[in-house]
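Visitor: Could you walk me through this model, one question at a time?

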Amino acid sequence: MEDNVSQESLSPPSDKQMLPLPLTALRLLVPPLRLASAAIWQTVQRKVVADYGILEEFVSMVTDIIPELLTRHQRAQLTLGLRARLILALCHQENAPDCDLVEPHLDRMEMLIRSWLKEVGGSNPEVSHLDFVDLVKKFLSSPDEREHFFQVFHEDFGAAYDEAIHALMWLFLSKFENVLPVQTFHQVATMFGEGSCVLAEYVQSVSQCDELKILLQYHNDLSQLDHN
């Protein structure tokens, strides 16, 4: 996998280090999609490969609707790369991998490849995962093949593979964030229907919960209010 994302673009803004908040309080502060994006980024940063299937499905869903977020090549690299990384993690077990657990992911991989080939109108050399499914099926039944593959993979490709996923996910989330900017209260107010009565549902329920008090105290402690 490879991409032209610069290393500078991978560095998040140098915000003041903030202490963690309870998720219930974060839900009051952060829009749901922004919270989902942050959770995705944390998953990639921490290399929680077991959750990469969730990430692939989210990226696929979003780019199906807004394909302009990524080029065709970037989209194939990211979705296939996430699913392949999960499959490799399932296969790289001390004991023999569970074929029943791996096969649904192989089916998903094949579906992604077929969808990609249909989109580009036939075979395409950019998709380097075409033989991946057959390779996995081969070393599922051959411990020696599996051991040799992972030895070569980790020595020659492992770090670069993870870095490529990291770079592509940063690019995807950055563009996704620009598509759905956080609205001001005035902008949101114009989106309510004329007959909407949301005061009781939102304001009263929020003001009576302890999470809002935690959130307000948290930001008060940060001294972010301009007292001038």
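Guide: Helices (H or I, at least four residues) and strands (E, at least two) are DSSP runs, numbered from the N terminus. Residues are numbered from 1 along each chain as its sequence is written. This is a predicted model, in which local features need pLDDT of at least 70, side-chain atom pairs count only at pLDDT 80 or more, and totals for chains, interfaces and linings use all residues; side-chain values use heavy atoms, with hydrogens and water left out.

Visitor: Where is Lys47 placed?
Guide: Lys47 has a phi near 55°, a positive value in a residue other than glycine. Its place is in the loop between α2 and α3.

Visitor: How many helices and strands are in the chain?
Guide: From the N terminus on, the elements run α-α-α-α-α-α-α-α-α-α-α. The count is therefore zero strands and 11 helices.

Visitor: What percentage of the residues of the chain count as buried?
Guide: Buried means under 20% relative accessible area, exposed means over 50%, and partly exposed is in between (1.4 Å probe, protein chains only). Of the 228 residues of the chain, the buried share is 34%.

Visitor: How many residues of α4 are buried?
Guide: Helix α4 covers residues 72–91, which is 20 residues. The helix is mostly covered, and its buried residues number 17 of 20.

Visitor: How many salt bridges does the count come to?
Guide: A salt bridge here is a side-chain nitrogen of Lys or Arg within 4 Å of a carboxyl oxygen of Asp or Glu. By this rule the count is eight.

Visitor: Which residue forms a salt bridge with Arg34?
Guide: The closest N and O atoms of this pair are 3.3 Å apart. Arg34 lies in helix α2 (residues 32–45) and its partner in helix α8 (residues 158–179), so the pair ties together parts that are 143 residues apart in sequence.

Visitor: Which residues are joined with Glu56 into one network?
Guide: Glu56 also forms a salt bridge with Arg108 (2.7 Å, N to O). Arg108 lies in helix α5 (residues 99–120) and Glu56 in helix α3, so this pair ties together parts that are 52 residues apart in sequence. Arg108 counts as partly exposed, at 21% relative accessibility. Through salt bridges that share partners, Glu56 is joined in one network with Glu57, Arg83 and Arg108.

Visitor: How far apart are the C-alpha atoms of Gly53 and Ala84?
Guide: Gly53 is found in helix α3 and counts as buried, at 8% relative accessibility. Gly53 and Ala84 are 31 residues apart along the chain, and their C-alpha atoms are separated by 9.2 Å.

Visitor: And how far apart in space are Leu112 and Ala76, C-alpha to C-alpha?
Guide: Leu112 is found in helix α5 and is buried, with a relative accessible area of 11%. Leu112 and Ala76 are 36 residues apart in sequence, and in space their C-alpha distance is 8.3 Å.

Visitor: Which residues make the nonpolar surface patch of about 220 Å²?
Guide: Patches are made of residues with over 30% relative accessible area and no salt bridge: like charges are joined within 9 Å, and nonpolar side chains (Val, Leu, Ile, Met, Phe, Trp, Tyr) within 5 Å. Accessible areas come from the Shrake-Rupley method with a 1.4 Å probe, and for residues only the protein chains shown count as cover. One member lies in helix α2 and is partly exposed, with a relative accessible area of 40%. The patch is made by Leu33, Val179 and Leu180.

Definitions and conventions: Expected span 1.5 Å × (residues − 1).
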